[in-house]
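Hi everyone, thanks for making time this morning. Let me put the structure up on the screen, and then I'll walk you through a few of its side chains and the overall fold.

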Amino acid sequence: VSAVTQGGGEGDIVVVLKDSDNIFYLNRARDRGYSIEKLSEQLVGQTVELRTIAHWTPLDPASRTQHIAEIKAGETVVYSEL
């Protein structure tokens, strides 16, 4: 993870992965008590495992924008919608 930033949607948080052009986002995560600052502390510089929700939309036919359902850093679940 190279950065954690504010997303374009209300309450969304974006997780930026090194060497990736895709956009990975946590849908309305700030509304559920997650903060950019805390996630940055936990994730930046770490290798993570992402579980994303597979979906296709004509607005993003290449599926470059991906909704994260779960983030694991090592054996620790840092974020989950599951």
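Let's start with glutamate 70, which is buried, with a relative accessible area of 10%. By buried I mean under 20% relative accessible area; exposed is over 50%, and partly exposed is in between, with a 1.4 Å probe and protein chains only. Before going on, a word on where this comes from: it is a predicted model, where local features need pLDDT of at least 70 and side-chain atom pairs count only at pLDDT 80 or more, while totals for chains, interfaces and linings use all residues. Residues are numbered from 1 along each chain as its sequence is written, and side-chain values use heavy atoms, with hydrogens and water left out.

Back to our glutamate. You'll find glutamate 70 in strand S5. Which residues is glutamate 70 in contact with, leaving aside its neighbours within four places in sequence? They are Glu49, Leu50, Arg51, Val77, Tyr79, Ser80 and Leu82, where contact means heavy atoms within 4.5 Å. Alanine 54, for its part, is 16 residues from glutamate 70 in sequence, and the two C-alpha atoms are 13 Å apart.

One of those contacts deserves a second look. Arginine 51 and glutamate 70 form a salt bridge through their side chains, at 3.8 Å from N to O. The rule for a salt bridge is a side-chain nitrogen of Lys or Arg within 4 Å of a carboxyl oxygen of Asp or Glu. Arginine 51 sits in strand S4 (residues 49–53) and glutamate 70 in strand S5 (residues 65–73), so this pair ties together parts that are 19 residues apart in sequence. Glutamate 70 is buried, whereas arginine 51 is partly exposed at 45%.

How many salt bridges does the structure hold? Four. Glutamate 10 is exposed, at 59% relative accessible area, while arginine 28 is partly exposed, at 36%.

Then there is arginine 32 with glutamate 81, whose closest N and O atoms are 3.2 Å apart. That pair links distant parts of the chain, 49 residues apart: arginine 32 is in the loop between S3 and H1, and glutamate 81 is in the segment after strand S6 (76–80). Arginine 32 is partly exposed at 42%, and glutamate 81 also counts as partly exposed, at 32%.

Now let's zoom out. Helices (H or I, at least four residues) and strands (E, at least two) are DSSP runs, numbered from the N terminus. A compact globule of 82 residues would have a radius of gyration near 12 Å, and the protein agrees, at 12 Å. That radius is taken over C-alpha atoms, and the globule rule is 2.2 Å times the number of residues to the power 0.38. Along its principal axes, the C-alpha trace spans about 35 × 25 × 20 Å. Finally, buried residues make up 32% of the 82.
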